[in-house]
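This report concerns helix packing and ligand surroundings in one structure. The sequence and coordinates are shown below.

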Amino acid sequence: MQTVLVTGANRGLGLEFVRQYREAGWLVIATSRRLDEGVRARDCGAELLQLDVRDEEAIRALAHSLEGRKIDLLINNAGYHPGAQQLGKLDYENWQSAFHINVIAPLQLAEALLSIIPPDGKIVNIGSRQGSMACNREGGKYLYRATKAAVHSITRSLAIDLVERGIVVAALHPGWVKTDMGTNNADIEVEESVSGMRKVIADLGPHNTGHLINYDGEVIPW
Ligand SMILES: NC(=O)c1ccc[n+]([C@@H]2O[C@H](COP(=O)([O-])OP(=O)(O)OC[C@H]3O[C@@H](n4cnc5c(N)ncnc54)[C@H](OP(=O)(O)O)[C@@H]3O)[C@@H](O)[C@H]2O)c1
């Protein structure tokens with residue numbers, strides 16, 4: 001049986017990944033920073049583990065608790081959107097926390113779990129079109145764009161470094177999705193986004209490792 005570990009799995013896209021992979025018969029390890037918030041993931045049949053992704057020691061403890069098992073797919077989904085961040089009204093207080101959640105944590109998790117990701121395993125970082133410099137025509141959103149551009153950069157390096165081990169790595173853009181973060185004004189529902197991303201993930205291999213890919217399969221320029 002294939003195993004997937006999803007961070008930030010208590011709501012939004014993370015919870016929908018849990019629901020769909022369980023439905024597809026996968027063994028799902030769902031992490032949530034509060035166990036009482038993760039009830040819906042557990043109700044879907046996931047194994048629920050507590051993880052605040054900013055807690056490096058907790059990441060090490062999680063990896064230790066999973067020793068002897070295998071993770072075929074790691075989805076670094078937990079993310080933070082610090083709001084509009086308009087020029088002239090920038091708040092630098094939360095830059096460190098945003099970088100920790102969106103950039104440092106995905107890399108720490110990949111490093112910590114690497115020894116239990118098998119040669120045909122996959123690491124997926126949930127990135128964003130907003131982190132693509134080529135697609136940025138509107139400006140603004142300084143902090144969010146910077147964190148997602150950084151996690152895209154990490155994705156590329158990881159993909160190159162892990163080629164010889166046969167592990168593929170990609171950053172996925174989920175679309176603009178109706179979640180707490182995406183708001184109700186967004187374009188698509190979580191079901192459409194996640195079923196699209198699952199198809200993209202199933203198709204990941206040496207031919208497309210190290211790219212930023214939209215939920216519909218289109219490769220997005222950096
Ligand atoms: N929705 C969109 O349109 C869209 C577009 C592009 C990219 N994305 C990306 O997609 C991913 C999921 O977003 P979403 O739309 O599902 O957002 P969401 O509904 O706001 O959910 C965010 C998830 O991240 C978790 N999280 C935040 N900080 C955490 C921390 N320190 N430790 C552990 N978990 C933490 C939240 O947990 P709590 O409940 O504990 O806060 C929650 O489970 C994010 O990486 C986001 O940047 C979303």
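Axes are lines fitted to C-alpha atoms, for helices over the stretch in contact, and angles run from 0 to 180 degrees between N-to-C directions. Helices (H or I, at least four residues) and strands (E, at least two) are DSSP runs, numbered from the N terminus.

## Basis of the model

The model is predicted: local features need pLDDT of at least 70, side-chain atom pairs count only at pLDDT 80 or more, and totals for chains, interfaces and linings use all residues. Residues are numbered from 1 along each chain as its sequence is written, and side-chain values use heavy atoms, with hydrogens and water left out.

## Helix 1 and helix 6

Helix 1 (residues 12–23) and helix 6 (residues 190–202) have axes that come within 9 Å and cross at roughly 65°. The crossing is right-handed; a crossing is right-handed if the near helix is turned clockwise from the far one by less than a right angle, and left-handed if anticlockwise.

Contact means heavy atoms within 4.5 Å. Helix 1 contributes G12, L13, E16, F17, R19, Q20 and Y21, and helix 6 contributes V190, E191, S193, V194, S195, M197, R198 and I201. By class, this contact has seven nonpolar, four polar and four charged residues. Ala, Val, Leu, Ile, Met, Phe, Trp, Tyr, Cys and Pro count as nonpolar, Asp, Glu, Lys and Arg as charged, and the others, Gly among them, as polar.

## Helix 4 and its partners

Helix 4 (residues 95–113) packs with helix 5 (residues 142–162) at an angle of about 15°, the axes being 9 Å apart. The two helices are therefore roughly parallel, a term for angles under 35 degrees. Their crossing is right-handed. The residues in contact include W95, F99 and P106 of helix 4 and Y142, Y144 and K148 of helix 5. The contact has 15 nonpolar, two polar and one charged residues.

The axes of helix 3 (residues 56–65) and helix 4 come within 9 Å and cross at roughly 30°, which makes helix 3 roughly parallel to helix 4. This crossing is also right-handed. E56, I59, L62 and A63 of helix 3 meet A105, Q108, L109, A112 and L113 of helix 4. These residues divide into seven nonpolar, one polar and one charged.

## Ligand surroundings

Around the ligand there are 28 residues, of which N10, R11, R33, Y144 and T179 come nearest; a residue counts as near if one of its heavy atoms lies within 4 Å. A backbone N or O atom of V177 lies 2.8 Å from an oxygen atom of the ligand.

R33 is located in the loop between strand 2 (27–32) and helix 2 (39–43). Not counting residues up to four places away in sequence, R33 touches Q50, L51, D52 and R54.

Terms used. Angles under 35 degrees count as roughly parallel, over 145 as roughly antiparallel, 65 to 115 as roughly perpendicular and the rest as oblique. A polar contact is a pair of N or O atoms within 3.5 Å; within protein, one must be able to donate a hydrogen and the other to accept it, and residues adjacent in sequence count only if both atoms are side-chain atoms.
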